[in-house]
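This report covers strand pairing, pockets and salt bridges, in that order. Please keep the sequence and the 3D view open while reading.

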Amino acid sequence: MCKVDKESEEYFTYLKSCFNNLMKELKFEQIGRNMYDSLKAVKFPQHQFEIWPGFESALLNREGGIYLNIEPCHKIIRFESAKEYMATIEDRAASKGYDERTEITRVLVGSTVVTRYNNKTYRITGVDFDHNPKMEINVGGKMTSLLDYYKQKYNETIIDHS
């Protein structure tokens, strides 16, 4: 393990802050640990998705100095919401005689979604068909519905209550 002096560590922290501020100024969006330029997205409307160009970066503080490693990457973003995608799966399952809940679970579990209200990514680990946005959750010791929670936390109104 290499040792890095305090002055070098402070400089590293400063450079990291500058780099992150630059990305915000350039309007890059952070999804997970990577940065994407949604303004340069390549749209494929006939297929209902777009591709965001971006990069993953690592600022490394080593004994020989500070290194910036940048790797290009891309993110495929569907136009349809998870709810709309579930409806598509339901229609397909019904026409082919599959159990729609089993098919939805099979297709969605393990996939990643991006929320539009905060651009965070989440991995789907399960689908709960027995709850809806009217369900109450405990937030800071107080019971509140998911409808109210999203309105208060993200200023988002959930329209579909099913």
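**Strand pairing**

F44 has F49 of β4 as its bridge partner. Strand β3 (residues 42–44) and β4 run antiparallel and are joined by 3 bridges; two strands pair if DSSP finds at least two bridges between them. β3 and β4 form a hairpin with 4 residues between them, and Q48 in the turn has a positive phi of about 65 degrees. Strands (E, at least two residues) and helices (H or I, at least four residues) are DSSP runs, numbered from the N terminus. The model is predicted: local features need pLDDT of at least 70 and side-chain atom pairs count only at pLDDT 80 or more, while totals for chains, interfaces and linings use all residues. Residues are numbered from 1 along each chain as its sequence is written, and side-chain values use heavy atoms, with hydrogens and water left out.

β4 also pairs with β2 in the antiparallel sense, over 2 bridges, and there M35 has F55 of β4 as its bridge partner. With β5, β4 pairs in the antiparallel sense over 14 bridges. E50 is bridged to I77 in β5, and the β4–β5 hairpin has 2 residues between its strands.

**Largest pocket**

The largest pocket holds about 2000 Å³ of space. A pocket is an open set of points on a 1 Å grid over the protein atoms alone, where a 1.4 Å probe fits, with protein on both sides within 12 Å along at least five of seven lines; lining residues have an atom within 4 Å of a point. Grid points are joined across faces, edges and corners, and a volume is the space filled by probe spheres set on the points.

The lining of the largest pocket consists of 45 residues, with S81, A82, K83, M86 and V113 nearest its centre. Two or more lining residues come from each of β5 (65–78), α2, α3, β6 (112–114), β7 (121–123) and α4. The most come from α2, which gives 7 residues. By class the lining has 24 nonpolar, 9 polar and 12 charged residues, where Ala, Val, Leu, Ile, Met, Phe, Trp, Tyr, Cys and Pro count as nonpolar, Asp, Glu, Lys and Arg as charged, and the others, Gly among them, as polar.

**Second largest pocket**

The second largest pocket has a volume of about 350 Å³. Its lining has 16 residues, and K16, R33, S57, A58 and L59 are the closest to its centre. α1 (6–25) gives the most to this lining, with 5 residues. The lining divides into 7 nonpolar, 5 polar and 4 charged residues.

**Salt bridges**

The whole structure contains 5 salt bridges, each a side-chain nitrogen of Lys or Arg within 4 Å of a carboxyl oxygen of Asp or Glu. One of them joins D160 to K83, with the closest N and O atoms 3.5 Å apart. This pair links distant parts of the chain, 77 residues apart: D160 is in the segment after α4 (146–154) and K83 in helix α2 (residues 82–96). D160 is partly exposed, at 37% relative accessible area, and K83 is partly exposed, at 44%. Buried means under 20% relative accessible area, exposed over 50%, and partly exposed in between (1.4 Å probe, protein chains only).

R106 and E103 form another salt bridge, at 2.7 Å between the closest N and O atoms. Both lie in helix α3 (residues 100–108), 3 residues apart, so about one helical turn separates them. R106 is exposed, at 57%, whereas E103 is buried, at 11%. D37 and K40 also meet in a salt bridge (3.7 Å, N to O); D37 is buried, at 9%, and K40 is exposed, at 58%.
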